[in-house]
Each structure stands twice: as C-alpha cells, then as structure tokens.
Amino acid sequence: MKVEPDTKVREYFSQFPHRLYPKGQILIFADEDPEHVYYLTKGRVVQYDSAYNGDELIVNVFKPGAFFPMSWALNRSPNRFFYRTDSESELHVVHADAALQFLSENSDVALDLLERVYRGTEGVLQRMVQLMTGTAKSRLMLELMIEAKRFGEMKDDGSVKINISEQDLAARSGMSRETVNREMRKLKSSSFVNLKGGSIVITDVNVLEQALSSSH
C-alpha cells in the first residue's frame, strides 16, 4: 500500500523529541544558525523580519504539518528571519543533516515539499504585485483571502470565518495598524466582509477574489 508523503513525514518526525512552547516563544533568531529542523504538530509559527522601527513584518505562517527552516537547511544560506510561536505550539526537533537525509531517501516527500514551496511562492509574488501596484484596500483584501484559504473555518452557509488581528494584518501587508483599521471599516460596508463575535467572516471567498482581481 502506498504511503502518502504527509504520513511519511509525520511518522519520521514523531521519532524525535517533541517540545511544547508557549505563545510568543522565539524559536530561531535572525542571523542565528539553527542547526535543527522543526516539525510543527500543533499551533502556528510565524516567520518574520523586524523593521527599522521595531515593527514585525510577517513573511510566512506555518501550520501543523510544516517543517522549517528548509531554506537554511538545504542551502546553508544565512538565516535572516525570526521564527516565533503564534499560539501554544508543539514541535518535534531533528538535526538538519538527518532531515536532509530523510528527504534524499524519499523523493515523493521532497516533491511534495517543492509543491508547497511553489504554492507559497505564488502568495509572495501576489504580495509583490500589490506592493508595487496595489492600493491599501487591495493589499488588505489579499491578506484576508490568503488567511481564509489557508486557515479559514468553512461554515455551513459557505462563508469562511478567520481569526486574525488588525495588528497581524498590518504585519503581513506592510501597512500601519491605523491604515488597516480604516480600510477594514470600508470593507465592512461591503457585502462580503463582516465581523461576528470578534472574528472576521468572509461571506464568499470567490467574490472577494473577484473584487481583488477587478481592483487592478
């Protein structure tokens, strides 16, 4: 019976020690050679840079099933980012050389990782386009769409509930919190974004995506 790549990854990393970290724990500092690869089984981890004024600029968010930092592990290129838990998290820790050996012996896992990297790259390229040509509104809509597709909770009526703060939206979009707050108020007057119990609800992700496309 064929074993799926995610099952192989889960079984491999489960052999190694796991650690529990509270929310806000920095796992890897910028300019640090981490030596280990982390496999996330519970919680979320953000990868970010620090702006000159101390603000966080989030470049990626990892969810359970992800292992990182693979760019450093594969290339031994300088690590320029911080990695911090975004919620209480559980991770398995393995030496980078052992993780690379696992990839070299399992081409299907390596291919699955490559596919995920390219999906992530697509999001990065979309952000680049918005930074160069978009408005504050379109940049915010992009972050809402990415959050809904990656972490959203689908409801029976087809809407998607997401739990993300304005501060995190600002950190991901490169805008100030004040700008995000202003643009969010504008979006709430539309038919596809509203607030319920402190969460953001996207009534129709496809409509949001169409609105984003037509904003160019």
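Visitor: Why does R76 count as partly exposed?

Guide: In this predicted model, R76 has a relative accessibility of 40%.

Visitor: Where does R76 lie, and what is its phi?

Guide: R76 lies in the loop between α2 and β7 (82–85). Its phi is positive, about 55°, although R76 is not a glycine.

Visitor: What makes D31 exposed?

Guide: Exposed asks for over 50% relative accessible area, and D31 has 65%, so D31 is exposed. D31 sits in the loop between β2 (26–28) and β3 (36–42), and its phi, near 70°, is positive in a residue other than glycine.

Visitor: What is the strand order of the open sheet, and why do β1 and β6 stand at the edges?

Guide: The four strands run in the order β1-β8-β3-β6, with antiparallel pairing. β1 (18–21) and β6 each have a single partner strand, so one side of each is left without a neighbour in the sheet.

Visitor: Which strands does helix α1 lie across?

Guide: Helix α1 (residues 5–13) lies across β3, β6 and β8 (89–95), at about 110° to β3.

Visitor: What makes the peptide bond from F68 to P69 cis?

Guide: Its omega is near 0°. P69 is found in the loop between β6 (67–68) and α2 (70–75).

Notes
Residues numbered from 1 in each chain as written. Predicted model: local features only at pLDDT ≥ 70, side-chain atom pairs only at ≥ 80, totals over all residues. Heavy atoms only, no water. Helix = DSSP H or I, 4+ residues; strand = E, 2+ residues; numbered from the N terminus. Buried < 20%, exposed > 50% of the residue type's maximum accessible area, 1.4 Å probe, protein only. Pairing = 2+ DSSP bridges. Contact = heavy atoms within 4.5 Å. Axes fitted to C-alpha atoms, helices over the stretch in contact; angles between N-to-C directions.
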